[in-house]
Amino acid sequence: MRMLINVPETVVADALRGIAAAHPELTVDVENRVIVRRDAPVAGQVALVSGGGSGHEPLHGGFVGPGMLSAACPGEVFTSPVPDQMARAAAAVDSGAGVLFVVKNYTGDVLNFDMAAELAEDEGIQVAKVLVNDDVAVTDSLYTAGRRGTGATLFVEKIAGAAAAEGQPLERVESVGRQVNENSRSFGVALSAVTTPAKGSPTFDLPAGELELGIGIHGEPGRERRAMMTSREIADFAVHAVLDDMTPRNPVLVLVNGMGATPLLELYGFNAEVQRVLGERGVAVARTLVGNYVTSLDMAGASVTLCQVDEELLRLWDAPVSTPALRWGM
């Protein structure tokens with residue numbers, strides 16, 4: 001497998017050096033693996049810290065900036081960051097208003113963020129946590145007890161980040177993040193396997209002409225394999241799987257997310273089919289975001305995330321944001 005890297009052992013450090021060179025508005029500690037908005041801590045504002053294994057870019061480092069995350073902690077590829085990283089990030093961004101950890105529901109992430117919270121609290125930092133578990137495909141997986149955290153992570157980080165930017169207190173920012181997660185559901189599909197730099201070959205076997213319905217963002221098994229389906233058929237399956245688990249009473253945010261190797265041309269075509277199914281089901285759409293946001297290295301495929309929003313959550317979604325990967329209103 002051809003990759004644009006030097007050696008697997010330095011792929012994360014090399015990427016962090018590149019982020020630092022491209023984004024002077026961020027402070028990137030390559031050695032300690034922490035990305036912080038340069039103006040942190042911001043007086044009077046709750047700070048948001050997230051992180052996870054590398055390989056899902058732009059999640060999470062690409063979402064650091066005003067209106068979203070205060071800091072992000074990248075681990076090795078598909079490997080949780082360690083507690084010292086998150087504790088160091090919390091100390092760097094805490095203004096005294098407290099820190100909210102946004103944690104995807106993977107066992108390593110949960111354990112390490114919990115330990116980091118204890119370390120931060122020992123230093124006098126008030127910490128709250130939102131656990132993201134939006135994936136309806138399976139309950140329990142290779143790295144997870146309960147549902148996996150996937151595309152809703154973006155919605156939580158953006159909407160809770162907007163609440164923090166307004167100066168809302170930690171309890172309220174945490175409540176907003178929890179509400180967003182509870183209102184969100186996701187379903188992913190893989191058209192090809194993922195290849196990690198360390199392995200250099202696909203991490204699982206997906207025969208030509210087949211796809212995996214309900215894939216995880218590390219290549220974890222989904223619900224079932226089928227012969228290749230059309231975009232229309234995949235949208236029918238994915239959206240119905242999501243709506244079977246939620247009954248929107250309000251309009252929804254729609255994220256049509258690429259897994260890393262699917263071109264925008266295909267993602268926009270897939271979005272047309274997703275919107276068709278939502279219309280057939282009578283679901284009103286408030287906003288739509290299409291692109292590669294929560295990826296799995298070179299996996300081809302897509303995921304659909306819906307988040308039911310009231311007027312307040314929609315207002316916070318529309319609020320200004322300025323990060324490397326998400327930017328409007330500034």
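Reader: In which sense do strand E10 (residues 252–258) and E11 pair, parallel or antiparallel?

Author: Strands of a sheet pair through backbone hydrogen bonds, either parallel or antiparallel. Here, E10 and E11 pair in the parallel sense, with six bridges, and Leu 253 sits opposite Arg 287 in E11. For two strands to count as paired, DSSP must find at least two bridges between them. The labels are DSSP runs, numbered from the N terminus: helices are H or I with at least four residues, strands are E with at least two. Keep in mind that this is a predicted model, where local features need pLDDT of at least 70 and side-chain atom pairs need 80 or more, while totals for chains, interfaces and linings use all residues. Residues are numbered from 1 along each chain as its sequence is written, and side-chain values use heavy atoms, leaving out hydrogens and water.

Reader: Which strands form the open sheet that has E1 in it?

Author: That one is also built from six strands with mixed pairing, in the order E1-E2-E4-E3-E5-E6. Strand E1 (26–29) and strand E6 (127–132) are its edge strands, each pairing on one side only. From one strand to the next, the twist averages 20°. Helix H1 (residues 11–22) packs on this sheet and touches E1, strand E2 (34–37), E3 and E4, with its direction at about 150° to that of E4.

Reader: Is strand E3 enclosed by the rest of the structure or exposed, and why?

Author: Eight of the eight residues of strand E3 (residues 47–54) are buried, so E3 is largely enclosed by the rest of the structure. Buried means under 20% relative accessible area, exposed means over 50%, and partly exposed is in between (1.4 Å probe, protein chains only). E3 has partners on both sides in the strand order: six bridges join E3 to strand E4 (residues 71–77), running parallel, and four join E3 to strand E5 (residues 99–104), also parallel. Look for Gly 53 opposite Gly 75 in E4, and Leu 48 opposite Leu 100 in E5.

Reader: How many degrees does the crossing of H4 and H5 have?

Author: Two packed helices are described by the angle between their axes and the distance between the axes. Helix H4 (residues 152–165) and helix H5 (residues 170–182) cross at roughly 155°, and their axes come within 9 Å. H4 and H5 are therefore roughly antiparallel. The rule is this: under 35 degrees is roughly parallel, over 145 roughly antiparallel, 65 to 115 roughly perpendicular, and the rest oblique. On the H4 side, the meeting residues include Phe 155 and Ile 159; on the H5 side, Val 173 and Gly 177 are among them. The contact residues split into nine nonpolar, two polar and no charged. Here Ala, Val, Leu, Ile, Met, Phe, Trp, Tyr, Cys and Pro count as nonpolar, Asp, Glu, Lys and Arg as charged, and the others, Gly among them, as polar.

Reader: At what angle do H2 and H3 pack?

Author: Helix H2 (residues 83–93) and helix H3 (residues 107–122) pack at about 45°, with axes 8 Å apart. That makes H2 oblique to H3. Among the residues in contact are Met 86 of H2 and Phe 113 of H3, and the contact divides into nine nonpolar, one polar and one charged.

Reader: Which peptide bond is cis, with omega near -5°?

Author: Most residues other than glycine have a negative phi, and most peptide bonds are trans. The bond from Ala 40 to Pro 41 is the cis one with omega near -5°, and Pro 41 lies in the loop between E2 and E3. The bond from Glu 57 to Pro 58 is cis too, with omega near 15°; Pro 58 is in the loop between E3 and E4. As for phi, Arg 33 has a positive value near 60° and is buried, at 17% relative accessible area. Leu 297 has a positive phi as well, near 50°, but is partly exposed, at 27%.

Terms used:
Axes fitted to C-alpha atoms, helices over the stretch in contact; angles between N-to-C directions. Contact = heavy atoms within 4.5 Å.
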